[in-house]
Amino acid sequence: MGGAPKDERMEELNLKELNRTNPIIKVAIEFGIKVQGSVAKCFKEDRHSSKDDKPTLFFNPAKNTFLCTECPDVGGTVIDLVCQYNGWDREKAVKWLEHRAEFDAFTAGLYHGKGVKRRKLRDDTAQE
Ligand SMILES: [Zn+2]
C-alpha cells in the first residue's frame, strides 16, 4: 500500500470533501441511531459493562467526529462510524460516503430547483 505523496494529498482532499458533504450526525440518524442533540446510545451497547441507560455516544459536529465513552474501539471520523456501524473496511465506507454525498446533492437539487424545473418544463412545452 505504499502510495506516492501525490496520492496522499489527493486522499486528504477527498477526506475534506467527505467530511463537508457527510455531516456525522446526519449519517448517524440515517443509520437509525437516535441522536438527541449531539448524544446518542451506543450501537454496541450490548458490550458495555455498565448497564445503565445513559447515552455514551458523543458527536462533535464541528470536527465531524464521534466517540463512545464505554467502548475503546468505537469512535473516530465519519468514515470510522460507517466502518464500525456496518463492519465494513475503510475502502467500502469511503465509497459509500461518496455515493451518499452524490445522492444527497441530487435530492437537494430536486427540492431547491423545483421552481426552476417547472419553468423549464413550460418552456419545453411552449416550443412544441
Ligand atoms: Zn459503546
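Two notes before we go on. This is a predicted model, where local features need pLDDT of at least 70, side-chain atom pairs count only at pLDDT 80 or more, and totals for chains, interfaces and linings use all residues. Residues are numbered from 1 along each chain as its sequence is written.

Let's look at helix 3, residues 78-86. Here V78, I79, L81 and V82 are buried, meaning that 20 or more other C-beta atoms lie within 10 Å of their own, with C-beta atoms placed from the backbone. These four sit on the same side of helix 3, because they cover an arc of only 160° around the axis, judged by the directions from the helix axis to the C-beta atoms. After helix 3 comes G87, with a positive phi near 70°.

Now to the core. The largest nonpolar core has 17 residues, and those with the most contacts inside it are I24, V78, L81 and V82. By nonpolar core I mean a set of buried Ala, Val, Leu, Ile, Met, Phe, Trp, Tyr and Cys residues joined through C-beta atoms within 7 Å. Helix 2 (24-30), strand 2 (57-60), strand 3 (65-68), helix 3 and helix 4 (90-112) each supply at least two of its residues. Helix 3 gives the largest share, four residues.

Definitions and conventions. A residue is buried if 20 or more other C-beta atoms lie within 10 Å of its own, exposed if 12 or fewer, and partly exposed in between; C-beta atoms are placed from the backbone.
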